[in-house]
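Here's a quick briefing to read alongside the structure. Have the viewer open and click along as you go.

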Amino acid sequence: MPTSAGVEACLPIGSDLDLVWVRQHVRQAAARLGFGLVEQTKLVTAASELARNTLVHGGGGRMDSAQVTRGRAVGLRLAFSDDGPGIADLELALKDGYTSGGGLGMGLGGARRLVHEFSLESTVGVGTTVTVVSWASAPPRLREEF
Amino acid sequence: MSDSYGRPVSVPGASAHVPVLRLGDVLLVTLQGDLYDSVAQQLQEDIGATIATSGVTGVVIDISGMEVVDSYLGRVLAEIAAQSSLLAARTVVAGMRPAVAITLVELGLTLPGLRTALNAEAAMDLLARTGSGSRFRRSSAEHP
Ligand SMILES: Nc1ncnc2c1ncn2[C@@H]1O[C@H](COP(=O)(O)OP(=O)(O)O)[C@@H](O)[C@H]1O
Ligand SMILES: [Mg+2]
C-alpha cells in the first residue's frame with residue numbers, strides 16, 4: 001500500500017537548482033504512489049515545465065505536493081504558485097507555440113496534455129497557481145474537475 | 001556546503017559537468033542524470049567552441065542516461081544541432097528512452113530537425129556511413 005510519507009512537501013522554486021529538486025521529488029513521490037514508468041516520466045516533465053514557468057515568468061515561488069485519493073484511486077497533486085505578474089490572457093498562454101519571450105511556448109499547453117487534471121488560476125498583478133493531478137492507475141471518472 | 005533551506009548545494013543525481021570526448025572526427029557528449037539549465041546552456045557554448053577549434057565533423061549526444069527531457073532541454077538539443085550544422089558538423093541524438101519519446105510527443109515537441117539513432121554506436125555508424133567522417137574524403141569520392 002502506498003503511504004503519504006515522502007509525498008507531502010512544499011519546495012521552494014527560486015533557482016535552476018530548485019528545478020532539479022522538484023523533478024527528483026516528483027519522480028520519487030510518483031514512484032512511491034505506484035505510478036508506472038511512462039506516467040512518472042510524463043508527470044515529472046509536466047512538473048519541470050510548470051516549475052520553470054514559476055521561476056522564469058513568475059519570478060519564483062513554490063510547489064506543494066500531496067497525495068489525493070478518489071475511491072480506490074491514488075494520485076499525486078502538485079500546485080505551483082507564485083506572486084508574480086500573473087497572466088492576462090489564459091487562453092493565449094495555453095496555446096502551443098505562444099511565448100511572451102525566450103521560450104518554445106510548449107510548457108503550459110504541453111503540461112496540460114501530460115497530466116490527468118489541470119487547472120490554471122491567475123490574477124494580473126497578484127500571481128499564478130497551476131494545479132495538476134495525475135492518477136497512479138486509470139484515472140477515475142471525473143477527469144477535468146477536482 | 002548547504003543553502004538557506006539546509007539542503008546540500010549539489011543535488012545528488014544532478015550533473016554539474018558533462019563529459020565531452022573526442023573520437024576522431026566526432027565529439028561524443030554523454031548526458032546523464034539531471035541537468036541544471038545553466039549546465040545545458042554552457043554545454044551548448046562549449047560544443048560550438050570545440051567544433052570551431054577542433055574541426056570535428058560530427059557530434060553524437062548520448063541521452064540514454066536522461067530520464068526526463070523537457071522543452072528547455074529539447075530546445076538546447078535542437079539549437080546544438082542547428083549551431084553545429086552552421087559549423088559544418090552534423091549532430092545525432094542517440095539513445096532516447098521510450099518513455100521520454102512518448103512524453104515528448106505528448107508535450108508537442110517532435111524536434112523535426114533532429115537526427116536520431118537508437119544508441120551511440122548506431123549514431124557513430126550513421127555519421128561514418130553518411131560521410132561525416134571526413135569532408136575531404138567525401139568530396140574526393142564525389143569527384144573520383
Ligand atoms: N507563472 C507564470 N506567471 C506569469 N506568466 C506565465 C506563467 N506561466 C506561464 N506564463 C505565460 O504563459 C506563456 C506560455 O508559457 P509556456 O507555454 O510555458 O511557454 P514558455 O515558458 O516557453 O514561454 C509564457 O510565455 C508566459 O507569458
Ligand atoms: Mg514554459
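Predicted model: local features only at pLDDT ≥ 70, side-chain atom pairs only at ≥ 80, totals over all residues.

Ligand 1 has 17 residues around it, and the protein covers 92% of the 530 Å² of accessible area that the ligand has on its own. Over in chain B, the count is five helices and six strands.

**Around ligand 1**
- Of the residues surrounding ligand 1, the closest are Asn53(A), His57(A), Thr99(A), Ser100(A) and Gly105(A).
- Ser100(A) puts a polar side-chain atom 2.6 Å from an oxygen atom of ligand 1.
- Asn53(A) does likewise, with a polar side-chain atom 2.8 Å from an oxygen atom of the ligand.
- With Leu104(A) it's the backbone that matters here: an N or O atom lies 3.1 Å from an oxygen atom of ligand 1.

**Glu49(A), a charge under cover**
- You'll find Glu49(A) in helix 2 of chain A, which runs over residues 37-56.
- Glu49(A) is buried but has no salt bridge.
- Arg52(A) is the nearest side chain of opposite charge, and at 4.6 Å away it doesn't count as a salt bridge because the cut-off is 4 Å.
- Leaving out residues up to four places away in sequence, Glu49(A) touches Gly107(A) in chain A, plus Asp70(B), Ser71(B), Tyr72(B) and Leu107(B) from chain B.

**Chain B as a whole**
- Going along the sequence, the pattern of chain B reads β-β-β-α-β-α-β-α-β-α-α.
- Chain B has 144 residues, and 45% of them count as buried.
- Take the contacts in chain B with a separation of 6 or more: 69% of them come from residues 24 or more positions apart.
- Chain B has an accessible surface of about 7300 Å², with 58% belonging to carbon and sulfur atoms.

- Val29(B) sits in strand 3 of chain B, residues 26-35.
- Its relative accessible area is 0%, so Val29(B) is buried.
- Who touches Val29(B), once residues up to four places away in sequence are set aside? The list is Val18(B), Pro19(B), Val20(B), Leu43(B), Ile47(B), Val59(B), Val60(B), Ile61(B) and Asp62(B).
- For a sense of distance, Val29(B) and Ser84(B) are 55 residues apart in sequence, and their C-alpha atoms are 13 Å apart in space.

Definitions and conventions
Residues numbered from 1 in each chain as written. Chains lettered and ligands numbered in written order. Heavy atoms only, no water. Helix = DSSP H or I, 4+ residues; strand = E, 2+ residues; numbered from the N terminus. Buried < 20%, exposed > 50% of the residue type's maximum accessible area, 1.4 Å probe, protein only. Lys, Arg positive; Asp, Glu negative; His and termini not counted. Contact = heavy atoms within 4.5 Å. Near = heavy atom within 4 Å. Polar contact = N/O pair within 3.5 Å; in protein donor to acceptor, adjacent residues only side chain to side chain. Areas by Shrake-Rupley, 256 points an atom, 1.4 Å probe, with all protein chains shown as cover.
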